[in-house]
Amino acid sequence: MVRLPRCFVYHSCAAAVLLAIAGIAPSSVGQEASGDDSTIVYPAEYFAEYAPITAQDMLDRIPGQGQASGSPGGGRGGPPGGGNPSSGGRGLGAGGGNELLVNGKRTAGKSNQTSDLLRRISASQVREIQIIRGTSGDLDVRGSSQVVNIVLFEELPTNTIAYQASLDHYKDNALKPGGRLSLSGQNGPITYQLSGSAEYRYNPAVTKEKSILGNLAPNDLVREERTSDFYRREISANLAYELNDRSSVRVNALYGKNDNPTDVMRYTTDLTTTPNGFTIESEERPNNEDNWEIGGDYELDFANGSRFKILAIANESDSLSKRVRYLWQDDFSQQKNLFLSTDAVTQERIVRSSFTFDLFENQSVEFGLERAQTILDSKLSLGLLTSGTPSDSVGGLVPQRVSNANSTVEEIRYEPFLIHNWTINPRMTLESTLLYEVSEITQTGDVHNQRDFDFIKPKLDFRFDVTPTWQLRGTVEKVVDQLSFSDFVASNDEQDNDANTMAGNAQLRQQWSWRYTFNSEYRLPNDVGVLNAEFFYFDQRDVIERMDASPNENTLVSVNGNIGNGWEYGTNLSASMRMAMIGLPNVLFTYTLNLQDSEITDPFLGIKRRFQNYQRGRNTYVFRQDLPEWRMNWGMQIFDRIDNGMSRYDIDDKETYNGDPRVNLFVEYVSNMGITYRFDGGALTDGAQCRDRFRYVGHIRDNILEELEHQCTRTGSTATLRISGTF
């Protein structure tokens, strides 16, 4: 028999060194093991010494969980979209990344997400937390690298009330209160959670800009003071009803109201004249948004182990934003010179049904269909101080014609899917997914257009448990990014004060990619920690960035459009460990390193460059120390982006970005009565976020530099006191 090197026995030399330092022999993990070696179980007793109040408090104590980490393609903030359907995050998708389940079920909602529930679930309700690293037809989500399942006691206390009150202090001594109150419990077959919250935030940002002309002569100095108040009020409900042993119903509802008024004062010193000119501008930006969502699902389990599920979600977001600018006169009177209003209503309706059954022993199949309807109704109004007939509809200024300002965009999408899950042996699983997406996008209003799309999207997910503590994962998939409806219509240009609007593009196609991901995860014995290495390569097609849409040589216009093909690759390395090797078992330290790069041909200059706004990577440090004997814990977070590689190209300018690290600190104390007192210090370094903008005369390819702006923004540190508990 061939004897393997000692380092290989420990799966990596790095792991062997760590184990040697810690003085730990390879053995089963310290927490309870389940019958499936791919599932790690943390019972409620594991967290007892930490006196947790909520399920989130429990998750934060697990190595590799509840901490910031890198993700493939994360340099651009991940794929398009998010919670807002108008920005591309439409439908439910097939999973990906880490998923959260409660009692094995995913929340029937998008805005009302399972992650928000963790802060409303009392720790006394949690029986155990499962870290599911394998794939299974029994899971309520598929294609996730890891699933966290919060398992509650079958019999909950009659009622549990969780509360939180907070007070934020900002650098200009502003104080903003906040609070949350939730009720959870069980009444027979009904499990419920009701929550209401009010959140008030404040952002006093100061931006300083210095610019020079293309001949290196001084141009101007700009100081901008931007004060934003954010008011978020939200009520939500999550209900689950066990009809019988084999069927259940869940209902989720949410209503939220956001007000984000912003006041801007801008002081400009003109250095091109003698004496220097000086102007003052002020802006009022009242921004309001209402959103609601309701979702429900029904599940029926059959005696042979098959399962039928149907889920439906409806949501709507109604946002109204205005930008009104005034130029101050010598007598301190104010003359209105800009009125810009954007009114957008986004609606989404989703129905998804599936049926899961065992095909053969250790093999299961799920097939189903998702239908999604998304509608964006957008209206933009622009008024300027020019010659013409004023109108009250644009604040008493002269209305301006804006191309594609009033449009309705509607997408009807169908996605049948087939998922085959095969447990090859106790150590290997293979999940194969085949989705077929067909959609119709119709745009009416200022622009009339209708297009049909269809894509076949395969995926293979293979997992191999080399040992109970070492797992290898490999994924190959075709991903089609959904189009951002906001790119179809004219919108407010938030990036440039010298521009008012951005043009829309009704001819966009979906960006798609082949993605190859390999992951190696090693869980150190005795719950010491987790080592993880992930490598990815994405072959991107029809990349969406800024492109030339000028109607003629004298009128330069750029829009978001498909500029061609590119690639990106990188790695995410992380280590989350308890510092037992230095006698501090209650210290949890997590380090994550993200390194990545990309390439595409710029449509304006024809040069090879990185994707726009693409981070080269970041370092993340997270530290937590629990002091059970004092009922205290404290910790820090440090986020440090790798600079000098993030840029954005447009038809007449180029921008590059740099930023200082961000440091956060917290200290927490839990009293004998179960009341938690927590202090948070945010942005302690008062780190600046800076941008250099190169403006060109005419097209950027002519390389005639007009102006160079150097701008830095600082928001200052914040201090927060939170008091929370349950009864």
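**Reading the features**

A: This is a predicted model. Phe367, Leu369, Tyr414, Leu418, Leu434, Tyr436, Val438 and Ile456 form a nonpolar patch on the surface, and together they have about 670 Å² of accessible area. Strand E15 (363–384), strand E17 (406–425) and strand E18 (428–445) are the elements that give two or more residues to the patch.

Q: Which element gives the most to the nonpolar patch?

A: E18 does, with three residues.

Q: Is Leu369 buried or partly exposed?

A: Buried means under 20% relative accessible area, exposed means over 50%, and partly exposed is in between. Leu369, placed in strand E15, has 37% relative accessibility and therefore counts as partly exposed.

Q: How should I read salt bridges, and how many does the structure hold?

A: Side chains of opposite charge can pair when their charged atoms come close. The structure holds 46 salt bridges. In one of them, the side chains of Arg61 and Asp626 meet at 2.8 Å, N to O. Arg61 lies in the loop between helix H3 (55–59) and strand E2 (98–102), and Asp626 lies in strand E28 (residues 617–627), so this pair ties together parts that are 565 residues apart in sequence. Arg61 and Asp626 are both buried.

Q: What does Glu370 form a salt bridge with?

A: With Arg352, where the closest N and O atoms are 2.7 Å apart. Glu370 is in strand E15 and Arg352 in strand E14 (residues 334–360), 18 residues apart, and the pair links distant parts of the chain. Both Glu370 and Arg352 are buried.

Q: Which residues are linked in a network of salt bridges?

A: The network links Glu224, Arg226, Arg266, Glu281, Glu283, Arg285, Arg323 and Arg325.

Q: Where is the disulfide, and which cysteines does it join?

A: The count comes to one disulfide. It joins Cys690 to Cys712, with 2.0 Å from S to S. Cys690 is in strand E34 (residues 689–696) and Cys712 in strand E35 (residues 705–714), 22 residues apart, and the pair links distant parts of the chain. The link of Cys690 and Cys712 is right-handed, with 105° about the S-S bond. Cys690 is buried, with a relative accessible area of 18%, and Cys712 counts as buried at 14%.

Q: What does the side chain of Ser228 make a polar contact with?

A: With the side chain of Thr262, at 3.0 Å. Ser228 has its place in strand E8 (residues 218–244). Because its relative accessibility is 13%, Ser228 counts as buried. Leaving aside neighbours within four places in sequence, the residues in contact with Ser228 include Arg201, Tyr202 and Asn260.

How values were computed
Residues numbered from 1 in each chain as written. Predicted model: local features only at pLDDT ≥ 70, side-chain atom pairs only at ≥ 80, totals over all residues. Heavy atoms only, no water. Helix = DSSP H or I, 4+ residues; strand = E, 2+ residues; numbered from the N terminus. Buried < 20%, exposed > 50% of the residue type's maximum accessible area, 1.4 Å probe, protein only. Polar contact = N/O pair within 3.5 Å; in protein donor to acceptor, adjacent residues only side chain to side chain. Contact = heavy atoms within 4.5 Å. Patch = residues over 30% accessible without salt bridge, like charges linked within 9 Å, V, L, I, M, F, W, Y side chains within 5 Å. Areas by Shrake-Rupley, 256 points an atom, 1.4 Å probe, with all protein chains shown as cover. Salt bridge = Lys/Arg side-chain N within 4 Å of Asp/Glu carboxyl O. Disulfide = S-S within 2.5 Å.
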